Amino acid sequence: MTVKKEKGFVHLYCGNGKGKTTTGMGLCVRAAGYGYKVLIYQFMKDNNTSERHSLVHIPNITLLEGLPQEKFSFQMTDEEKASRREYYESQFAMITRKACEENYDVLFCDELVYAIRAGLFTEQKLLDFLANRPQKLEVILTGRDPSQALIDACDYVSEIQKIKHPFDQGLPARKGIEK
């Protein structure tokens, strides 16, 4: 089914609560179910997140491969951070080119805001893309602590606030629930 999309908006799911990625993925599934072409890339995550195992089977969703292994930015050396910044900026250029040239309706850049906050991606590159993206392209972003400039560039901004989380009691992330 081909669906004509008139105007795309920018969604930002931010905050310190669990569920930013889950919310973005849910919107991607909804869009794909309607017939929209969806492109997903996960920054700051490896290719082993549980949602990938389901999403690869959904028509209209394209999941781009990331790094085979990833670590938190606070675990990276300065050399690793410099290398990662170069990698993520080239990935972003490839992803956005693909989204535009192949007429995707939805682009989900999971944890790109985290990459910005960690100094692993230049925010201005994202802001420039958002200002000049194809009119019909819907963009979904996730991560903590977005700048005011990024908030201003978005149409939807939802903050997911943690009130309580098992991680606070020392429990690690569980496969299929948190990862």
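This is a predicted model: local features need pLDDT of at least 70, side-chain atom pairs count only at pLDDT 80 or more; totals for chains, interfaces and linings use all residues.
Close-up 1. Residues are numbered from 1 along each chain as its sequence is written, and side-chain values use heavy atoms, with hydrogens and water left out. Helices (H or I, at least four residues) and strands (E, at least two) are DSSP runs, numbered from the N terminus. With 15 residues (20–34) at 1.5 Å a residue, α1 should span 21 Å, and its end C-alpha atoms are 22 Å apart, which agrees; the expected span is 1.5 Å times one less than the number of residues.

Close-up 2. Lys20, Thr21, Gly24, Met25, Cys28, Ala31 and Ala32 are buried, where buried means under 20% relative accessible area, exposed over 50%, and partly exposed in between (1.4 Å probe, protein chains only). Looking down the α1 axis, the buried residues fall within an arc of 125°, so they line one face of the helix; the arc is taken from the directions from the helix axis to the C-beta atoms. Thr22, Arg30 and Gly33 are exposed on the other side of α1. The buried residues of α1 pack against β1, β2, α2 (50–55), β3 (61–63), β4 and β5, with contact meaning heavy atoms within 4.5 Å.

**Close-up 3. The nonpolar cores.** A nonpolar core is a set of buried Ala, Val, Leu, Ile, Met, Phe, Trp, Tyr and Cys residues joined through side-chain atoms within 4.5 Å. The largest one has 32 residues, and Phe43, Leu112, Leu126, Leu141 and Leu150 have the most contacts inside it. At least two residues of this core come from each of β1 (10–14), β2 (38–42), α3 (78–101), β4 (106–110), α4 (112–117), α5 (123–132) and β5 (138–143). There's also a second, separate core of 14 residues, including Met25, Ala31, Ala32 and Val106.

**Close-up 4. Leucine 126 and helix α5.** Leaving out residues up to four places away in sequence, leucine 126 touches Phe92, Leu112, Ile116, Phe121, Leu141 and Leu150. In α5, Glu123, Leu126, Leu127, Phe129 and Leu130 are buried. Down the α5 axis these fall within an arc of 160°, so they line one face of the helix. Ala131 and Asn132 are exposed on the other side of α5. The packing partners of the buried α5 residues are β1, α3, β4, α4, β5 and α6 (148–153).

**Close-up 5. Aromatic pairs.** Rings of Phe, Tyr and Trp (its six-membered ring) pair if their centres lie within 6.5 Å; planes under 30 degrees apart count as stacked, over 60 as edge-to-face and the rest as tilted. That rule gives eight aromatic pairs. Phenylalanine 43 and tyrosine 88 make a tilted pair, 5.2 Å centre to centre with 55° between the planes. Phenylalanine 43 sits in the loop between β2 and α2 and tyrosine 88 in helix α3, so the pair ties together parts that are 45 residues apart in sequence. Phenylalanine 43 is buried, at 0% relative accessible area, and tyrosine 88 is buried at 1%. Phenylalanine 92 and phenylalanine 121 form an edge-to-face pair, 4.9 Å centre to centre with 65° between the planes.
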